[in-house]
Amino acid sequence: MGSKKSKHNDDSKETKAVKNTGETGENEENEKNESPVENQNQMIIDTGIVATNAKHAIHCLTIIGQIEGHYILPPQNKTTKYEHIIPALVAIEQDPDIEGLLIILNTVGGDVEAGLAISELIAGMRKPTVSIVVGGGHSIGVPLAVSAKKSFIVPSATMTIHPVRMNGLLLGIPQTLSYFDRMQERIVNFVTKNSGMSASRFKELMMKKDELVMDVGSVVDGDTAVKEGLIDSLGGLSDAVQCLYDMIESEGDDHKKQSHKKKASKKQATDKGKSRKSIIPSEIDERRAVSLLNMIYNGDLVYEDGRFITAEDDILEDY
């Protein structure tokens with residue numbers, strides 16, 4: 001009897017082991033079959049932490065190092081890949097749980113078209129956006145800094161403004177200079193449209209001599225950037241976060257006001273419809289009969305279904 005009982009216990013252990021193995025396989029299969037939405041949310045969490053215990057849920061997006069465009073940079077370079085930033089911005093704009101976007105910049109610049117592409121997407125977002133430059137916002141980092149609805153810069157940060165440069169083989173022909181000029185205009189137009197700096201002043205700083213060692217251009221610190229109108233405000237992280245909170249709350253108040261206006265207008269239309277009365281005419285004396293005939297003759301009154309109706313569909317109560 002004892003040997004049979006031992007054999008039964010061994011069989012049950014083997015059965016449990018097989019069951020556990022099956023459960024592990026199912027878990028691995030479930031992890032592989034995660035929905036695209038779950039994967040997207042995980043990517044948002046990986047690229048920017050959203051504080052769950054904060055007053056408002058804001059996403060932090062960091063643009064650091066060199067902006068990598070169509071060509072892969074060497075592995076020792078710290079880069080921001082625009083193919084990662086673009087889908088993240090789309091996800092942030094669609095996510096109803098994220099109320100605002102905080103962009104932290106510390107970049108040396110990089111690919112012009114990639115930087116402009118990211119800048120245009122940020123500028124076209126409906127959600128409140130605030131940028132803050134820490135360390136540096138050089139070259140194409142300037143359009144990125146001004147692309148947000150409100151921009152900040154810390155006092156110790158600097159921004160380099162210089163003409164477009166290109167690496168590799170160039171042809172010394174007029175068409176090359178024309179291409180450079182048009183690309184430069186794209187940057188100038190975007191910066192002046194999204195900041196308080198004029199195009200003439202921006203070009204003046206861009207072409208300034210005797211400031212950069214091996215190039216023309218200007219380096220402005222935080223205080224100068226604000227005075228020139230390039231950046232909105234001088235401040236730190238707490239200032240940027242508080243500004244973003246204010247923008248979120250202001251937007252919420254605007255939505256409430258619009259909702260109240262729609263409800264009020266709908267109620268007025270309903271009340272107007274209820275105020276119309278349908279009264280069948282009863283006694284008509286001679287004076288009123290003449291008045292009715294004149295109105296009928298002029299087309300101002302129609303007798304229909306036992307009642308007089310004016311041209312404005314108002315039913316006469318006096319008659």
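Reply: Two strands are said to pair if DSSP finds at least two bridges between them; strands (E, at least two residues) and helices (H or I, at least four) are DSSP runs numbered from the N terminus. The model is predicted, so local features need pLDDT of at least 70 and side-chain atom pairs pLDDT 80 or more, while totals for chains, interfaces and linings use all residues. Residues are numbered from 1 along each chain as its sequence is written, and side-chain values use heavy atoms, without hydrogens or water.

The strands may be taken in order. Strand β1 (residues 58–68) runs parallel to strand β3 (residues 100–110), and 10 bridges join the two. Within this pairing, Thr 62 of β1 has Ile 104 of β3 as its bridge partner. β1 is also joined to strand β2 (residues 79–81), again in parallel, by three bridges. Here Glu 68 stands opposite Lys 81 in β2.

Ile 132 is partnered in β5 by Phe 152. β5 in turn is connected by two bridges to strand β8 (residues 233–234), and this pair is parallel as well. The residue opposite Ile 153 is Leu 234 in β8.

The axes of helix α3 (residues 82–94) and helix α4 come within 10 Å and cross at roughly 10°, axes being lines fitted to C-alpha atoms over the stretch in contact, and angles running from 0 to 180 degrees between N-to-C directions. That makes α3 roughly parallel to α4, a term for angles under 35 degrees; over 145 is roughly antiparallel, 65 to 115 roughly perpendicular and the rest oblique. Tyr 82, Ile 85, Ile 86 and Leu 89 of α3 make the contact (heavy atoms within 4.5 Å) with Ala 114, Ile 118, Leu 121 and Ile 122 of α4. By class, these residues are eight nonpolar, no polar and no charged (Ala, Val, Leu, Ile, Met, Phe, Trp, Tyr, Cys and Pro count as nonpolar, Asp, Glu, Lys and Arg as charged, and the others, Gly among them, as polar).

α4 (residues 112–123) also meets helix α6 (residues 174–193): their axes come within 11 Å and cross at roughly 25°, and α4 and α6 are therefore roughly parallel to each other. On the α4 side the contact involves Val 112, Glu 113, Leu 116, Ser 119, Glu 120 and Ala 123, and on the α6 side Tyr 179, Met 183, Arg 186, Ile 187 and Phe 190. This contact of α4 with α6 contains seven nonpolar residues, one polar and three charged.

α6 also packs on helix α7 (residues 199–206), at an angle of about 125° with the axes 9 Å apart. These two helices are therefore oblique to each other. Gln 184, Glu 185, Val 188, Val 191 and Thr 192 of α6 meet Ala 199, Phe 202, Lys 203 and Met 206 of α7. The residues of this contact divide into five nonpolar, two polar and two charged.

Thr 192 lies in helix α6. Leaving aside residues up to four places away in sequence, Thr 192 touches Met 197, Ser 198 and Ala 199. From C-alpha to C-alpha, Thr 192 is 9.3 Å from Pro 143, although 49 residues separate the two in sequence.
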